[in-house]
Amino acid sequence: MAFTLGDYVLVLDEDLSGFVKEIAGETISIETDDGFLLNFKAKELVVAKPKQPLKNELFSHKSINTVISEKEQPKRKNKIKLRAKDSYEPTMEVDLHINQLVKSSKGMSNHEMLTLQLDTARRQLDFAITKRIQKVVFIHGVGEGVLRIELEYLFGRYDNLKFYDANYQKYGLGATEVYIYQNLKR
């Protein structure tokens, strides 16, 4: 496209426009509406008509009132208010005690029980992430702490969550609460 000095141009893929001030091969210098000189390649610009200031004759008193009445917002509906305590309550609990996962652990080795508990925790965590559930409490019990350490290792592999001890009054020392960040940019 051929440009001449003084042409009003728009920049493609950006919200910029201005007048051509200098042409050097494929590089075009424009002066923006704010007075800045910027260089662009010719293929990034397109010629346009200069912006015309709005004239008062275009708007009548009647058309302004019509626009205002269209823009009036309807009254807001009353929202149900939650108590502050309710908003911090976890929405999902996962009990990882082995007797909650199988009818009988008889004949299972410690490794098999731990693997089952970790697979359940991973599956429930993935479910919570896909269903956009923000808080999950994993009840693991106190014991020797092996399951707790493995859970912390599992949670550490996720970028979009943080974890900490759950409410002591409700769960004691045997539970971990996980908060899942929902708006993670990928």
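In helix 5, the residues Leu147, Leu151, Leu154 and Phe155 are buried, where buried means under 20% relative accessible area, exposed over 50%, and partly exposed in between (1.4 Å probe, protein chains only). Seen down the axis of helix 5, these buried residues fall within an arc of 95 degrees, so they line one face of the helix; the arc is that of the directions from the helix axis to the C-beta atoms. This is a predicted model, in which local features need pLDDT of at least 70 and side-chain atom pairs count only at pLDDT 80 or more, while totals for chains, interfaces and linings use all residues. Residues are numbered from 1 along each chain as its sequence is written, and side-chain values use heavy atoms, with hydrogens and water left out.

**Overall make-up**

- The protein chain has six helices and nine strands; helices (H or I, at least four residues) and strands (E, at least two) are DSSP runs, numbered from the N terminus.
- Of the 186 residues of the protein chain, 29% count as buried.
- Among contacts between residues at least 6 apart in sequence, 52% join residues at least 24 apart, a contact being heavy atoms within 4.5 Å.

- The face of helix 5 turned away from its buried side carries the exposed residues Ile149, Tyr153 and Gly156.
- The cover over the buried residues of helix 5 includes helix 4, strand 7, strand 8 (161-165) and strand 9.

**Nonpolar cores**

- The largest nonpolar core has 19 residues, and those with the most contacts inside it are Leu125, Val136, Phe138, Leu151 and Phe155; such a core is a set of buried Ala, Val, Leu, Ile, Met, Phe, Trp, Tyr and Cys residues joined through side-chain atoms within 4.5 Å.
- At least two residues of this core come from each of strand 6 (92-95), helix 4 (110-130), strand 7 (135-139), helix 5 (146-156) and strand 9 (175-180).
- Helix 4 supplies the largest share of this core, five residues.
- A second, separate core of nine residues includes Val11, Ile28, Ile30 and Phe40.
- Leaving aside residues up to four places away in sequence, Leu125 touches Phe138, Phe155, Tyr158, Leu161, Val178 and Ile180.

**Largest pocket**

- The largest pocket holds about 330 Å³ of space. On a 1 Å grid over the protein atoms alone, a pocket is an open set of points where a 1.4 Å probe fits, with protein on both sides within 12 Å along at least five of seven lines; lining residues have an atom within 4 Å of a point.
- Of the 14 residues that line this pocket, Leu114, Gln117, Glu144, Val146 and Leu147 are the closest to its centre.
- Helix 4 and helix 5 are the elements that give two or more residues to the lining, and the largest share, five residues, comes from helix 4.

**Ala166**

- Ala166 lies in the loop between strand 8 and helix 6 (168-171), and is buried, with a relative accessible area of 7%.
- Not counting residues up to four places away in sequence, Ala166 touches Val137, Tyr171, Ala175, Thr176 and Glu177.
- The C-alpha atoms of Ala166 and Val178 are separated by 8.4 Å, with the residues 12 apart along the chain.

**Positive phi values**

- Most residues other than glycine have a negative phi.
- Asp13, although not a glycine, has a positive phi of about 65 degrees; Asp13 is in the loop between strand 1 (8-11) and strand 2 (17-24), and is exposed, with a relative accessible area of 82%.
- Arg132, in the loop between helix 4 and strand 7, has a positive phi near 60 degrees.

Conventions:
Grid points are joined across faces, edges and corners, and a volume is the space filled by probe spheres set on the points.
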